[in-house]
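Reader: I'd like to learn how to read a few features of a fold, one at a time. Could we start with the strands and move on from there?

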Amino acid sequence: MSCVAKMMSEESAPMRHIDLGSPPALEPPAAGYRFPGPPPPIYSCTLTPELVAKAREELQEKPEWRLRDVQALRDMVLKEQPNLRTRLDDAFLLRFLRARKFDYDRAMQLLLNYHTSRRAWPEVFQDLKPSTIKHVLDLGFLTVLPHPDPNGRYILCLRPGKWKANDYPFEDNIRAIYLTLEKLIQPEETQVNGIVILADYTGVGLSQASNPGPFLAKKVVSILQDSFPIRIKAVNIINEPRIFKGIFAIIKPFLKEKMAERYVLHGSDLHSLHRNIPRSVLPDEYGGVAGHLDMSAWSKTLLDSEEEFIVEFCQPDPLEGVVLPNSMLFEGQQPGGAAQDDDTFRGLRSQLYYCY
């Protein structure tokens, strides 16, 4: 049995899961709901007629040409990077085409960046599987809210104030975020609708703000913007302290203009938050009516996906034997990059202390 077929055949025990394939609802999913498994080996479109129309309008995806476009990207990979160890099934390649609006060249570059990022940041990608980030999940650093917003976008909830610098390396938080994104992107609905991020900065102080620094911030932004096939449609920041001005000063230089415009700072104003994310999908803690914030359901979803992530990530380097031009190197690999970022960090650190 091939790795892909093995991954597709994994079954998890019945339990309460977040069902990303369900329509928005006001009631929490009933016990026994399961997160949709990986797509089958033979692709079959699962989009509703409404989402097919949305994909056509927003992503330039034409159903009648979909498989032709996938084959074109597959041919590019086989011709230009024949040694690249990557999945080539329809469902996987479609993620990259949709993320780049069916532009073959940009989808190809995204695919290469996706694999290159793993080599550039071994602290994050080596032995990447849910069991290795259980401590992050137990801490309550992140979860995915069980209900999508009215636009069908699931909400990744981050709580960076839960983490302290002496708890564990900052990279472990990135590992947890990355595994969550990998799970979120599996359903086709997410590939079309994108996701929303809700970041609660309650409890964030100087130690959390200054720990990553510009060098790591650049790598994180590079992954989210240029190296992962997901559409981040909005980033809502709540309960941000004054020090957040210094944090954002570290991040903003690396953000593309469109992404920077999607950041919304709400402070402690829940009415402002509700204008962007309705109360019907928010937990009580954020003025919503969807019950208490439950961190366990998403944790179980990830931990039950252990085997598929072992197949996906715990394998030999996919770029072994692949030669990439310098223009394809992942952010942070360029010679002298770290030294330049350190100089930038010294200037920004003073801003952090001033804000604090």
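Reader: How many bridges join strand β3 to β4, and do they run parallel or antiparallel?

Author: The general idea first: strands of a sheet pair through backbone hydrogen bonds, either parallel or antiparallel. This is a predicted model, and in it β3 (residues 195–200) and β4 (residues 232–238) run parallel, joined by 6 bridges.

Reader: Is β4 mostly covered or mostly open?

Author: Mostly covered, with 6 of its 7 residues buried.

Reader: In what order do the strands of the sheet come?

Author: The order is β1-β2-β3-β4-β5, making an open sheet of 5 strands with mixed pairing. β1 (142–144) and β5 are the edge strands, each pairing on one side only. Ignoring direction, neighbouring strands are turned by 20° against each other on average.

Reader: On to helices. At what angle do α3 and α4 cross?

Author: Two packed helices are described by the angle between their axes and the distance between the axes. For α3 (residues 66–80) and α4 (residues 90–99), the axes come within 9 Å and cross at roughly 90°. So α3 is roughly perpendicular to α4.

Reader: Which residues meet there?

Author: From α3, Arg 66, Leu 67, Asp 69, Val 70, Leu 73 and Arg 74; from α4, Asp 90, Leu 93, Leu 94, Leu 97 and Arg 98. Sorted by class, that contact has 6 nonpolar, no polar and 5 charged residues.

Reader: Last one: how many aromatic pairs does the structure hold?

Author: There are 11. Take Tyr 114 and Phe 228: their ring centres are 6.1 Å apart and their planes sit at 50°, so the pair is tilted. Tyr 114 lies in α5 (residues 104–120) and Phe 228 in the loop between α11 (213–226) and β4, so you're looking at a link between distant parts of the chain, 114 residues apart. Tyr 114 is buried, at 1% relative accessible area, and Phe 228 is buried at 1%.

Phe 125 and Tyr 178 make an edge-to-face pair, 4.7 Å centre to centre with 85° between the planes. That pair links α6 (residues 122–125) to α8 (residues 170–184), 53 residues apart.

Reader: Which residues do the ring pairs link into a cluster?

Author: Phe 92, Phe 96, Tyr 114, Phe 125, Tyr 178 and Phe 228.

Technical notes: Residues numbered from 1 in each chain as written. Predicted model: local features only at pLDDT ≥ 70, side-chain atom pairs only at ≥ 80, totals over all residues. Heavy atoms only, no water. Axes fitted to C-alpha atoms, helices over the stretch in contact; angles between N-to-C directions. Helix = DSSP H or I, 4+ residues; strand = E, 2+ residues; numbered from the N terminus. Parallel < 35°, antiparallel > 145°, perpendicular 65-115°, else oblique. Contact = heavy atoms within 4.5 Å. Nonpolar A, V, L, I, M, F, W, Y, C, P; charged D, E, K, R; others polar. Buried < 20%, exposed > 50% of the residue type's maximum accessible area, 1.4 Å probe, protein only. Pairing = 2+ DSSP bridges. Phe/Tyr/Trp six-rings, centres within 6.5 Å; stacked < 30°, edge-to-face > 60°.
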